[in-house]
Amino acid sequence: MLQSPIDRIASATPPAIAARVKGLSDRAIAWLFVAPSIVLLLAINIFPLIWTIRLSFTNFRVNRPNAQVEFVGLRNYINILTDSDIWLSMQATAHFLIWTIVLQVLIGFSLAYLINKKFRGNDLWTTIIVLPMMLSPAVVGNFWTFLYQPQIGLFNYVVGFLTGSDPSSFSMIANTSLAPWAIIIVDTWMWTPFVMLICLAGLRSIPPSIYEAAECDRASKWRQFWTITIPMVLPFLMLAVLFRGIENFKMFDLVVQLTGGGPGSITELTSINLKRAAFEQWRTGYASAYAVILFVTVFGLASIYVKALNKVKQR
């Protein structure tokens, strides 16, 4: 009689090992299978973090591997925190972060609220709205760079048609006042569908019986919106803000494609500033300290925010 592969493996297992395996609990066996993945993840994530922290206290430069590495203590951190250019990039990042989150939440929730109302072509419009987030940031950056061209760009012609101004009289990505808003518009266009999907999931998780009970109590649509819809969708909104906040804090590729941090340094976000310190100036130790500061900032703010999110969910 032919044996199955499992039977052959069991018969080939030494008796001592077989006895040990039989004595393991289900939890121990589960950890046995999960352990290799955990070890790999720790090696990929924890080791680079520890190595970065170590380099942040040195003057190491990756383009000078044979030079003597000196321990400089907190000098890199002090230089970063007292550098006015760093604080300007922080301000640019904060401006980009706040406005993109505000616009994406407002527009995304509005679209989700409209799509949640069943109508003809609902699925088609949902698919069309979601299309931008399916594109690569590099493709989106090149696409919008073409749209922003003063002479042939469609964006300038639309603005000129609505305002009556000359389409070639301004440039969204070359003007210091308009460039920050240029990247905000593109990021909002691309990632508002993501916020919309999260809000739509929240709206569809509300039991219809709650609205029916409110109608029996003669509550108006406006009161239902503020006392039922908003409170029950709020955890989903906060989750969308958390995801987009983390992603936009480390935004890099889209801004590089659109403005490259210019004109001047008006759109130079912290990620672009960090990249220049690490791979253009080759100040590896300095860039490592910069990365640690950004990591601690994001991790700290996210931890506080998650605690607030948990309190909202437990209400």
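I will take the pocket, then a helix pair, then some backbone points.

First, the ground rules. This is a predicted model, where local features need pLDDT of at least 70, side-chain atom pairs count only at pLDDT 80 or more, and totals for chains, interfaces and linings use all residues. Residues are numbered from 1 along each chain as its sequence is written, and side-chain values use heavy atoms, with hydrogens and water left out.

Now the pocket. On a 1 Å grid over the protein atoms alone, a pocket is an open set of points where a 1.4 Å probe fits, with protein on both sides within 12 Å along at least five of seven lines. Lining residues have an atom within 4 Å of a point. There are 16 of them, and Leu97, Gly245, Ile246, Phe249 and Leu301 are the closest to the centre.

Which elements give two or more residues to this lining? They are α5 (84-115), α11 (221-249) and α14 (284-313). Helices here are DSSP runs of H or I, at least four residues, numbered from the N terminus. The largest share, seven residues, comes from α5. By class, the lining has 13 nonpolar, three polar and no charged residues. Nonpolar covers Ala, Val, Leu, Ile, Met, Phe, Trp, Tyr, Cys and Pro; charged is Asp, Glu, Lys and Arg; the others, Gly among them, are polar.

Next, the helix pair. Helix α6 (residues 122-130) packs on helix α9 (residues 179-204) at about 140°, with axes 9 Å apart. Axes are lines fitted to C-alpha atoms over the stretch in contact, and angles run from 0 to 180 degrees between N-to-C directions. Asn122, Thr126, Ile129 and Val130 of α6 meet Pro193, Met196, Leu197 and Arg204 of α9, where contact means heavy atoms within 4.5 Å. That contact has five nonpolar, two polar and one charged residues.

Last, the backbone. Glycine 262 and proline 263 are joined by a cis peptide bond, omega about -5°. Proline 263 sits in the loop between α12 (253-258) and α13 (270-279).

Arginine 218 is not a glycine, yet its phi is positive, about 65°. Its loop runs between α10 (208-216) and α11. Buried or exposed? Arginine 218 is exposed, at 80% relative accessible area. The cut-offs are buried under 20%, exposed over 50%, partly exposed in between, with a 1.4 Å probe and protein chains only.

Tryptophan 282 also has a positive phi, near 55°. It lies in the loop between α13 and α14, and is partly exposed at 31%.
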